[in-house]
Amino acid sequence: MSVLVYVEQVDGKFKKSVFEAVSYAKAIADHQNTNLTAVSIGNVEDSELKSLGNYGASKVLSVSNEQLKDFINQAYASIIAEAAKAESANIVVLSNSFTGKGLAPRVAVKLQAGLIDGAVELPNLEGGKFLVKKTAFSGKAFAITELLSENKVIALNPNAFGVKENATDASIEIFSPTVKSTDFNAIVKEIVRATNKVSLPDAELVVSAGRGLKGPENWGMIEELANLLGAATACSKPVSDADWRPHSEHVGQTGIAISPNLYIAIGISGAIQHLAGVSSSKVIVVINKDPEAPFFKVADYGIVGDAFEVVPKLIEALKSHKG
């Protein structure tokens, strides 16, 4: 038996969340005293594939096909499942990213495997059990789940497990799976990604704002603060609904769920729906002029004050520090 990790590429490159997933899978493989194989789908150069060896992958299966250059959920799931069977892998790991959330259950069904989505720690294998800690109730709690099936699929939350170097000379093999025509019943015609921005799901630092900013014309200071920190920008649902900010920045239960190392919430009251998408953040800082705002109950640090007074002072302090 072995461990397989799916490595998602974006424009031929791997993001930090991929290296986290490889590091996580390698730790499991070491505990099982077995090898780690990675499977990559899409056009990725050999040098990029080789980089996976830095984090413990001993073999990389490369699937390069013009028909598969863009993400197709059903087809990608079939390929990952076939790769797992070819490698006799009873554990499949992938990142719990936007695409991972769609792939994990499909792969689990194809392998008749138990599924853990939103894993935040390595499995506890004491006493012959396979216990995994995961997020539950939209990130408001944690659950310890036991997988009893022989085959297992684990989707790791981004930023939940650090990138750990484990230098290995990874071999690259061309993998040519059999893909059924029915796997292409739904085709992605085009993927448009925001450029020159930090991706929200992968961001370690996020600066977010809500209706307390009063209007889209005041977002300049939010973007300036984010740029100084090297952070992604986000917003609450009412802000995106009002078209003050694009819907791609909406974080919360009905938006994007994130788990950055630092989440700064400015002028956001902290409704339960918003908290559901950001409560996995390691550190939460809240800036709000209402001392009774619900967000303060879950914040690690809070500033009671007007955002239009506090944020400029933060920007000034950061500029002085960098200077």
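Mentor: Helices (H or I, at least four residues) and strands (E, at least two) are DSSP runs, numbered from the N terminus. This is a predicted model, in which local features need pLDDT of at least 70, side-chain atom pairs count only at pLDDT 80 or more, and totals for chains, interfaces and linings use all residues. Residues are numbered from 1 along each chain as its sequence is written, and side-chain values use heavy atoms, with hydrogens and water left out.

Trainee: How many helices and strands does the protein chain have?

Mentor: The protein chain has 8 helices and 16 strands. Its radius of gyration, taken over C-alpha atoms, is 21 Å, close to the 20 Å of the globule rule (2.2 Å times the number of residues to the power 0.38) for 323 residues, so the chain is as compact as a globular protein of that length.

Trainee: Which residues of α4 are buried?

Mentor: An α-helix has 3.6 residues a turn, so residues three or four places apart point the same way. Buried means under 20% relative accessible area, with a 1.4 Å probe and protein chains only; in α4 the buried residues are T99, G100, L103, A104, V107, A108 and L111.

Trainee: What do the buried residues of α4 pack against?

Mentor: With contact meaning heavy atoms within 4.5 Å, they pack against β1 (2-7), α3 (73-86), β6 (89-95), β7 (114-119) and β10 (152-156).

Trainee: Which residue just after α4 takes a positive phi?

Mentor: That residue is Q112, with a phi of about 50°.

Technical notes
Buried < 20%, exposed > 50% of the residue type's maximum accessible area, 1.4 Å probe, protein only.
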